[in-house]
Amino acid sequence: LLLLRSDFGQGLREWAGPAHGISKAADGRKLTEAQQLAIDKLCRGVSVLAMRDGSKQLRHIFCQLSQNGSVLRWSWRDYLLLEEVYDVVLCTHGGYRGLALLYGSDFEFRLTLLCRDSDTYGAFWV
């Protein structure tokens with residue numbers, strides 16, 4: 001996962017433009033140019049299919065990573081602090097590839113994000 005810093009009170013400026021302050025992976029390695037481009041793509045936002053907490057219904061959502069890499073949001077009210085994610089699992093559903101984010105203080109929540117193209121799928125696996 002990425003090395004994250006939290007600037008939760010920065011407002012809408014944190015959601016406009018490429019990543020700021022994300023230059024290393026959690027293990028200290030410098031990100032490659034391809035990894036940096038993928039993170040910038042997630043900061044601009046991507047369209048994905050999503051399922052929450054065991055739902056069988058897929059929803060089209062616009063998903064976006066904050067510029068500092070600490071928050072993933074998919075609506076004005078719905079977001080996930082990435083420091084709450086305890087596992088990321090590869091998954092498939094209906095011919096789509098994606099990942100499931102397992103999170104919550106009691107490890108009880110699951111957000112499944114399915115990608116409609118290989119560029120978006122690659123961006124999530126940085």
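Author: What follows goes through the sheet, strand by strand, and ends with a single residue in it.

This is a predicted model, in which local features need pLDDT of at least 70 and side-chain atom pairs count only at pLDDT 80 or more, while totals for chains, interfaces and linings use all residues. Residues are numbered from 1 along each chain as its sequence is written, and side-chain values use heavy atoms, with hydrogens and water left out.

The sheet is open and has 7 strands, in the order S4-S3-S2-S1-S7-S6-S5, with antiparallel pairing. Strands here are DSSP runs of E with at least two residues, helices are runs of H or I with at least four, and both are numbered from the N terminus. Two strands count as paired if DSSP finds at least two bridges between them. The edges are strand S4 (79-81) and strand S5 (85-93), each of which pairs on one side only. From one strand to the next, the twist averages 30 degrees. Angles run from 0 to 180 degrees between N-to-C directions, and axes are lines fitted to C-alpha atoms, for helices over the stretch in contact.

Helix H1 (residues 33-44) packs on the sheet, where it touches strand S1 (46-52) and strand S2 (59-65). Contact means heavy atoms within 4.5 Å. The direction of H1 makes about 120 degrees with that of S2.

Strand S3 (residues 71-73) pairs with S4 in the antiparallel sense over 3 bridges, and Leu72 stands opposite Leu80 in S4. S2 and S3 also run antiparallel, joined by 2 bridges, with Gln64 opposite Arg73 in S3. The hairpin of S2 and S3 has 5 residues between the strands, and Gly69 takes a positive phi near 80 degrees there.

S1 and S2 are antiparallel too, with 5 bridges joining them. Ser47 stands opposite Phe62 in S2. These two strands form a hairpin with 6 residues between them, and Asp53 in the turn has a positive phi of about 45 degrees.

Ala50 lies in strand S1. Ala50 counts as buried because its relative accessibility is 5%, and buried means under 20% relative accessible area, with exposed over 50% and partly exposed in between (1.4 Å probe, protein chains only). Leaving aside residues up to four places away in sequence, Ala50 touches Gln57, Leu58, Arg59, Ile61, Thr112 and Leu113. The C-alpha atoms of Ala50 and Cys63 are separated by 9.4 Å, and these residues are 13 apart along the chain.
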